[in-house]
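Here are a few notes to read alongside the model. Have it open while you go through them.

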Amino acid sequence: MSTTALDLGALSHSLGEKKVSSTEATQACLDAIAAHDGAIGSFLLVDAEGALAQAAASDARRAKGEALGPLDGVPIGLKDNFLTEGLTTTAASKILEGYVPPYDGTAVACLKAAGAVLVGKLNCDEFAMGSSNENSAFKPCANPWSVAHSPGGSSGGSAAAVAAGFCAGALGTDTGGSIRQPASFCGVAGLKPSYGRVSRFGVVAFASSLDQVGPFARDVTGCAHLLQALAGVCDRDATSLEAPVPDYAAALTGDVKGLKVGLCPELLDEEGCSDEVRSALEQAKDALVARGAEVVDVHLPHLHHAVATYYIVATAEASSNLARYDGVRFGPRRGEDGGLESLYATTRGELFGDEVKRRILLGTYVLSAGYCDAYYLRAQRVRALIAQDFDKAYQQADVLLTPVAPTPAFKLGEKTDDPLAMYLSDVFTIPANLAGLCGLSVNAAFSDQALPVGVQLMGRPLDEAQLLSAGFAVEQELGLLDRRPALD
Amino acid sequence: MQFDKADIDKLGRLARIKLSDEERERLPAELGRIVSYVEQLQNVDVDGVEPMVHAGGGQLRLRADEVLEPVAGQAAVRSSAGYTPEGMTVPKVVD
């Protein structure tokens, strides 16, 4: 069996037992990428030379008995909005084409300190704006389970690469669901940690009050190992939290006896879920009940305003964060001959994609004079109401169980004509970002078309240990981890 | 909410984005639909509710005002399209 078929934990164990070397495992990933990523398009940049050098260094450490931990020698991919010193970082945008950062972001530095082998940079929606990876300025990304279908977004490349076995784990970012939704579409585990749990320093900012860095792996155990390396306070991110970091892998007991699992009936009724999604939710619920959990109803009266709230807050913050892309300091420029205003407007007009421009203009509108109170300030108040709803819900439940998306993966091209329809499909994932909660997507079923269907568990802020344990229980009970996509 | 081309042009100027004719045709309806959707928040009772800026409760950690490891000058500007060893070139700003 190729090492690319191993889950992160199993690969880590094999490395520890010296059944396989990091060089062998990394080469197997590179071979798989060379053989199959042409049809999928998950990687924007493969750093074969760098990865093999890191793998050799890992093997040398291990030979001396100096392995750094469970991630030492494990091949990992990075969404292309993580700044990597010396490796291009484009956020899948033409406006950052060729940009080489002069430093590593904190999450990248954490993985390097843990000895992980960084295989390359993964495809995504431009500036993390999108739910299908169709907004990448460079190339589309397909779902390894069916190349006619979207891998989800915005971290589509990360989810696809892990599902296809091109790397044992990956990092993504999640602002409105961009880890959890592609994880669901690609049948892997994806975690959005609580806001402030992982440093955002050195991540291309989209919406600073919503963005969060998180892991993908085939299973919850892999996510736990990655989170362990990433979690903690960072001097360079003033929003990162000083809260202690528990042992996440040790928390994966699968024991959910007495765990109160909250279901929100109104959410399901309102949001047009497909039968397959409802069925997956039932199976996840039954799995938890079989292991001793109790189900309670919770009510989140303001949740149906979450998408509207998000598309005001996130676009406002994006319009501010993306103001720095003016052709002066990073990447290519256009219109320089026309003077400074022309440099700014032409560079941004020609090098930003349609979705990015749409969101910047929306954000500009909701912040503009005369409208800021009516839109942005009001949205922040509704955000507070949504967070209060969750506070009350968590007095009755320990974790909440919801769908991740209304349907399994949709076909590429199916939603590109209707931006609003695409936005509405984020209805289940957006609330966790607004309230700062942790959220986990685990695979719970396969549709009639053999597409994965995930379910979401949401936990209280900083309750990742309990959340991961509940996800582990679902995963173990449902027994779907052995299925792999057939790659061309 | 309805936008016309003049509204879009104004937003383009504020955002420093030069819009094509195709975008000026398309965007009024597109943005109009999205803004009409988000306007549902006008009907929410927010009396007495403080705005939520971010999930950390609005508290930001401070650190001592000390220089940390700086980013090397050349490395920081090397990716500029206007890079020269002396710094970045830009169009003339002051006459």
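1. Let me start with Ser425(A), which is buried at a relative accessible area of 7% (buried is under 20%, exposed over 50%, partly exposed in between, with a 1.4 Å probe and protein chains only). Ser425(A) sits in the loop between helix H14 (419–424) and helix H15 (430–435) of chain A. Setting aside residues up to four places away in sequence, Ser425(A) touches Ala405(A), Pro406(A) and Lys415(A) (contact means heavy atoms within 4.5 Å).

2. A word on what you're looking at: this is a predicted model, where local features need pLDDT of at least 70, side-chain atom pairs count only at pLDDT 80 or more, and totals for chains, interfaces and linings use all residues. Residues are numbered from 1 along each chain as its sequence is written, and side-chain values use heavy atoms, leaving out hydrogens and water.

3. Now the core. The largest nonpolar core has 142 residues, and Leu111(A), Phe127(A), Tyr325(A), Phe390(A) and Leu468(A) touch the most other members (a nonpolar core is a set of buried Ala, Val, Leu, Ile, Met, Phe, Trp, Tyr and Cys residues joined through side-chain atoms within 4.5 Å). Helix H13 (residues 373–396) of chain A supplies the largest share of this core, 11 residues (helices are DSSP runs of H or I, at least four residues, numbered from the N terminus). Apart from this core lies another, of 25 residues, including Ala32(A) and Cys186(A).

4. Take a look at Phe127(A) too: leaving aside neighbours within four places in sequence, its contacts include Ile95(A), Phe206(A), Tyr325(A) and Val356(A).

Notes: Chains are lettered from A and ligands numbered from 1 in the order in which they are written. Helices (H or I, at least four residues) and strands (E, at least two) are DSSP runs, numbered from the N terminus.
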